[in-house]
Amino acid sequence: MTNERKTEALVRDGLRALGYYEADNGVTVEEQKSEIAKIKSLLSKSSKSLKENAGYPEFIITSLKDTAFIIVIECKAEVKKHKSRDGNRPQDFAVDGVLHYAKALAKHYTVVAVAVSGSTLSSMKVSNFLLAAGTEVVKELTNETAVLVDQVIPFDDYYRLASFDPDVAKKRHADLLAFSRELHELIWTKAKVSEEDKPLLVSGTLIALMNNSFMKTFEALAAADVQEAWLTAIKKELDKADIPQAKKDTMLQPYSTIAVHPNLGKPDSKTAKEYPDGVFKEIIGRICDNVWPYINVYHDFDVVGQFYGEFLKYTAGDKKALGIVLTPRHVAELFSLLADVGPESKVLDICAGTGGFLISAMQHMLRRAVTEEQRSDIKRNRLIGIENSPKMFALGASNMILRGDGKANLHQASCFDDAIIKAVKKMKPNVGLLNPPYSQSKSDAELHELYFVKRLLECLEPGSIGIAIVPMSCAIKPNPVRDELLRHHTLDAVMSMPAELFYPVGTVTCIMIWISGKPHAKSARKTWFGYWRDDGFVKTKHRGRIDLNGLWPTIRDRWVETYRNREIHAGESVMQTVTAQDEWCAEAYMETDYSTIKQSDFELVVKNYAMFRVFGLEEAARKEEDHADDQ
């Protein structure tokens with residue numbers, strides 16, 4: 001036992017050298033016990049299967065950064081006691097013991113389990129394991145290049161490596177979705193904030209929490225002072241941002257409206273009992289606990305867009321009538337891969353929205369950057385966005401600020417404003433990514449999606465790639481702009497996308513890939529058509545459409561490879577010469593691969609048609625959604 005104390009002392013000294021005990025770092029190191037009720041409860045149940053006095057690991061490490069993440073360390077004096085052959089002797093072996101505790105704690109926490117054996121630095125052996133919350137699946141912890149981590153490392157490194165594990169990321173994303181529903185209910189029922197202002201409330205709070213003073217003091221503020229302090233914190237963070245004052249003023253205006261919202265200040269008689277410090281402080285506290293940790297880790301994730309999309313689901317009335325079709329995260333990722341963006345790319349989105357395309361492109365570009373100079377250039381000069389709606393512009397710019405980058409070249413204006421387009425062209429963008437507003441009726445002819453595509457391509461350098469996701473009607477219905485596009489640009493590829501890609505909005509879409517400034521009519525190049533109807537995502541109860549079975553990475557990589565190589569596969573892809581009068585979709589030209597058709601496919605088509613005939617389209621959709629909720 002004395003020698004085991006030597007091992008603990010070595011670990012303690014190592015933790016101290018790595019900054020675990022530094023003041024005000026938010027990290028708490030407990031030894032042989034824990035004051036956290038949830039930990040005590042989980043470990044008390046765990047100890048029943050062990051002998052007496054075996055209820056706690058040597059070190060329990062938690063952080064205010066993410067209260068659902070924990071590190072536990074178990075020590076043994078002798079290296080020969082590192083791990084048993086069968087892994088079932090938790091009292092006697094370091095690995096067995098720490099995994100025993102970790103499995104108990106993983107019912108609630110994402111756990112990094114560290115086994116340390118040896119009583120000298122030279123003999124010390126370290127094994128690191130990871131268990132995602134809600135599972136008992138044990139994984140050895142690896143770094144970004146899949147090399148096993150075989151030493152004790154700083155807290156932030158443990159947190160980063162754990163967070164990017166697919167199971168952990170999936171669990172945290174599910175938690176974020178669940179929280180978005182909870183937050184919607186709180187904001188709507190207690191604060192009575194409008195639908196369009198709810199996302200601003202979230203993004204503004206995240207910007208305010210970037211301010212350390214506000215982060216540390218908001219809980220101590222009187223209810224009547226929270227709104228003013230919130231807006232002041234946002235102003236301070238915007239002042240730090242490298243953007244012109246006029247843009248800061250444009251961003252601040254929507255937040256100023258929220259800062260005087262009557263239901264967010266002093267609690268009224270109805271909410272005073274439940275939230276004596278005011279509902280706004282409750283909202284800020286919940287965002288701080290549930291969203292802020294996500295912001296700090298998942299830099300390629302459009303968190304503001306995620307909340308906007310979730311809140312949109314609860315908007316009264318017909319969601320499609322809003323004309324807002326937010327881009328799913330995996331589609332933004334797909335665009336960056338199809339465009340093959342890198343450090344030399346200069347990416348433009350003329351309908352930037354919450355910035356999802358730009359955030360995804362930025363992260364792909366940064367991953368391929370080699371020098372700090374390249375990274376700085378990407379952040380400062382290589383991301384360009386235009387957004388017409390002042391409120392959406394505030395969301396997009398805030399989103400980029402939360403990412404720490406890319407906000408300098410965001411413009412609040414119409415993409416049909418010639419002055420803005422002139423300024424954008426001077427920057428010589430060579431990649432265009434676009435999800436335009438979707439027109440809602442024949443009267444919207446002047447807002448047809450293909451006019452946005454045409455405008456995007458006009459902004460790009462000749463020979464550049466422009467990618468847009470548009471309603472399938474753009475590919476199959478006659479329109480004068482189709483002739484204009486082919487006169488000046490080449491239609492390189494069109495991919496038919498899953499029918500429910502934008503669920504719950506019922507818009508069937510396709511991806512178009514164009515080469516700017518090179519007339520299609522003069523090119524002998526055939527257009528490549530892909531039939532990309534199955535992305536592996538399924539509808540689930542409360543979580544919407546998700547990659548439940550982890551199929552997306554394989555499907556994504558195959559799609560990108562077949563497009564880049566212009567491969568032809570029966571039932572999947574085809575090459576065809578087309579004109580403006582032809583249909584631009586794989587279905588019009590592709591040979592059916594009958595060998596892949598299953599009985600279940602036939603039955604599903606017949607069933608859906610029968611439902612349509614009996615119940616009508618809307619009722620059929622409702623019944624299908626109910627079926628998904630039962631899965």
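**Exercise 1.** In this predicted model, how many cavities of 30 Å³ or more does the structure hold, and which residues line the largest cavity?

*Solution.* Start with the count: the structure holds 1 cavity of 30 Å³ or more. Next, take the volume: the largest cavity contains about 30 Å³ of space. Then list the lining, which is made up of Leu130, Ala132, Thr135, Val137, Lys139, Asp165 and Asp167. Finally, sort these residues by class: 3 are nonpolar, 1 is polar and 3 are charged.

**Exercise 2.** Work out the strand order of the sheet, and state which strands stand at its edges.

*Solution.* The open sheet has 6 strands, ordered β1-β2-β3-β4-β5-β6, with mixed pairing. β1 (27-31) and β6 (139-140) each have a single partner strand, so they stand at the edges and one side of each lacks a neighbour in the sheet. Helix α4 (residues 155-163) packs on the sheet and touches β1, β2 (59-63), β3, β4 and β5 (125-131). The direction of α4 makes about 115° with that of β3.

**Exercise 3.** Describe how helix α6 crosses helix α10, and identify the residues in contact.

*Solution.* The axes of α6 (residues 198-209) and α10 (residues 279-290) come within 10 Å and cross at roughly 70°. The two helices are therefore roughly perpendicular. From α6, the contact uses Leu201, Val202, Thr205, Leu206 and Leu209; from α10, Phe280, Ile283, Ile284, Ile287 and Cys288. By class, the contact has 9 nonpolar residues, 1 polar and no charged.

Technical notes. Residues are numbered from 1 along each chain as its sequence is written. This is a predicted model: local features need pLDDT of at least 70, side-chain atom pairs count only at pLDDT 80 or more; totals for chains, interfaces and linings use all residues. Side-chain values use heavy atoms; hydrogens and water are left out. Two strands pair if DSSP finds at least two bridges between them. Helices (H or I, at least four residues) and strands (E, at least two) are DSSP runs, numbered from the N terminus. Contact means heavy atoms within 4.5 Å. Axes are lines fitted to C-alpha atoms, for helices over the stretch in contact, and angles run from 0 to 180 degrees between N-to-C directions. On a 1 Å grid over the protein atoms alone, a cavity is a set of points where a 1.4 Å probe fits but cannot get out, and a pocket is an open set with protein on both sides within 12 Å along at least five of seven lines; lining residues have an atom within 4 Å of a point. Grid points are joined across faces, edges and corners, and a volume is the space filled by probe spheres set on the points. Ala, Val, Leu, Ile, Met, Phe, Trp, Tyr, Cys and Pro count as nonpolar, Asp, Glu, Lys and Arg as charged, and the others, Gly among them, as polar. Angles under 35 degrees count as roughly parallel, over 145 as roughly antiparallel, 65 to 115 as roughly perpendicular and the rest as oblique.
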